[in-house]
Amino acid sequence: MEKEINSIAGQPAEHMEVPDQATKKVIFAASVGTVFEWYEFTLYGALAAVIALNFFSGLDPSTGFIFALLIFAVGFIMRPVGAVVFGRIGDKLGRKKTFMITVIIMGISTVIVGLLPTYNQIGIWAPLLLITMRMIQGLALGGEYGGAATYVAEHSTSKNRGLNTSWISATGTLGLLLAFAVIMISRWLTGDEFNEWGWRIPFLFSLLLLLFSIKIRKGMDESPAFKKMQKEKTLSKSPLRDTFLDPTNIKRLLIAFFGICGGMTCAYYIAVLYPTFFLTQILKVDPQIANSVVTISLIAGIPMFLFSGWLSDRIGRKKTLLIGFTLTALVIFPIFKGVAYFANPSMVASLEKTPIYLNLPTEEKCSFMFNPTGTRQFTKPCDLAKQALANSGLSYTTVQDANISNVSITVGNTHIENFQVGEEGYKETIAKITTNLKENLAANNIPTEANADEFRKGPVIALLIVLVWCGLFTLTPVAPALLEMFPAKIRYTSMSFPYHFASGWVGGLLPTIAFAISIQTGNIYFGLWYPVCWIVLSLFVCLIFFKETKNVDINK
């Protein structure tokens, strides 16, 4: 190892060298928790529709799905809290102890989800218990990534820090792929009963991951940088104060959040997570087909993790980030439009031939149909019409004119009217209107489900691979860049907070916000502006304020 790493352990450079095998062991041990993290993370994303069915069955389909996405997001919202809690522990008591705590909490809470009763069994207690477990998971996850990246970086030289930490992200994708594989196998084993009880299998499978993670992490040794600080008694007495009250560090945090992490989390999540929602909920593609193409694109992306990490060691963190931000911002809209064209060509062609219109009187005011608590009922005629259109997953154009007297939907030469809550109740009214709309769509040869025979797997996979590759250029330089920005005594806390604050409040809410925006505007692509705006913001902040860090001494 190079001089600065040798000096961490308090020994002369010429007398200390960490063997390659030891470095591999460090990377493997640190990466195990990341595999677990992404496995759990993917379950909530890929099973959002099933979770909505079992835990929010008292709601209409669109509201139930948005609520399920918020359950997915609440774990992310808790991540910055976990970053503060476990970052402080990691900076005061050590990386190893913190690793063990977070992985145990993560594993137990994930297994419990697989044992929870459903809404039909215990009512409102079902989603409340699910929320509680999700919050606990998010808390533990907030302490995971920063510790893993810190641990690996403090065992690496300045010449291979980017490559070594890139393995953490790459193995995280293995967790994501493992989740897709377990879900697909569970669907195959349980068949039609998957939505009833088969969905529990992937969560219960987490027990095996937990036991394996504990076994591996028990054999870990503390990082040399932390040992040195312990020996010299230079550990921070108050990591939180030094992180959040020091003006110089506050500036670093702001640059890290707006110039690196905000854009990164959107660029990466729009590539690895949102395609599943887009394919299944908007394009109405069969979930197994959607999971298979996303899985293949992620497998093809694994080498790019290592290449972009290696590249950041060669040309620097800043240049690699700027390449990733620029490419991702440019390709998002063309790629998702291409995915729609090749995944459900009949829908795209039919909507071009027979556009759908939502006709509103000038005085009609629609609600913003974002229902985080699941308790609101949207009973205005405009809201009822929008919910039916949202359930169909199709784009439409809103026409508001003084000559229009009643809310109606036009599909070709047919008109659908009478959007009022009937005596049967709110939920039943939505279902009735949705059924009526689907009948009119079918009469006009507009498909409400994707045809598996028309799905062109090759082009869809190719487009998703390009999106993944672009996103990875923004992901892999982040760990070394954050580590190199902050001093060793508060590194765990300082790098974890902006990373998880962005992951939770920017990336974690991406599916929910993008889906809600698309419903509100009637345009299936409009929600993509959310990640694009964040990526462009990070591009400019990074360009102007972020200074290259790859050659800094991380032991100060």
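I started at Val411, which stands opposite Thr414 in β4. Strands here are DSSP runs of E with at least two residues, helices are runs of H or I with at least four, and both are numbered from the N terminus. I noted that this is a predicted model, in which local features need pLDDT of at least 70, side-chain atom pairs count only at pLDDT 80 or more, and totals for chains, interfaces and linings use all residues. Residues are numbered from 1 along each chain as its sequence is written, and side-chain values use heavy atoms, leaving out hydrogens and water.

**Entry: the sheet**

I looked up how β3 meets β4. Strand β3 (residues 408-411) is joined to β4 by 3 bridges, and the two run antiparallel. Two strands pair if DSSP finds at least two bridges between them. I then traced the open sheet of 4 strands, whose order is β2-β1-β3-β4, with mixed pairing. β2 (397-401) and β4 (414-416) stand at the edges with a single partner strand each, so one side of each has no neighbour in the sheet. On average, neighbouring strands of this sheet are turned by 25° against each other, direction ignored.

**Entry: the core**

Which residues have the most contacts inside the largest nonpolar core? I found Tyr274, Phe278, Leu279, Leu283, Ile356, Ile409 and Leu482, in a core of 156 residues. Such a core is a set of buried Ala, Val, Leu, Ile, Met, Phe, Trp, Tyr and Cys residues joined through side-chain atoms within 4.5 Å. Helix α16 (residues 247-272) gives the most to this core, with 14 residues.

Leaving aside neighbours within four places in sequence, Ile356 is in contact (heavy atoms within 4.5 Å) with residues including Leu389, Tyr396, Ile409 and Val411.

**Entry: helix α26**

I checked the length of α26 (residues 510-521). At 1.5 Å a residue, its 12 residues should span 16 Å, and the end C-alpha atoms are 16 Å apart, which agrees. The expected span is 1.5 Å times one less than the number of residues. Just after α26, Gly522 takes a positive phi of about 80°.

**Entry: cysteines**

I looked for disulfides (pairs of cysteine sulfur atoms within 2.5 Å) and the structure holds 0. Cys261 is buried, with a relative accessible area of 0%. Cys542 is buried, with a relative accessible area of 0%.

Note on methods
Axes fitted to C-alpha atoms, helices over the stretch in contact; angles between N-to-C directions. Buried < 20%, exposed > 50% of the residue type's maximum accessible area, 1.4 Å probe, protein only.
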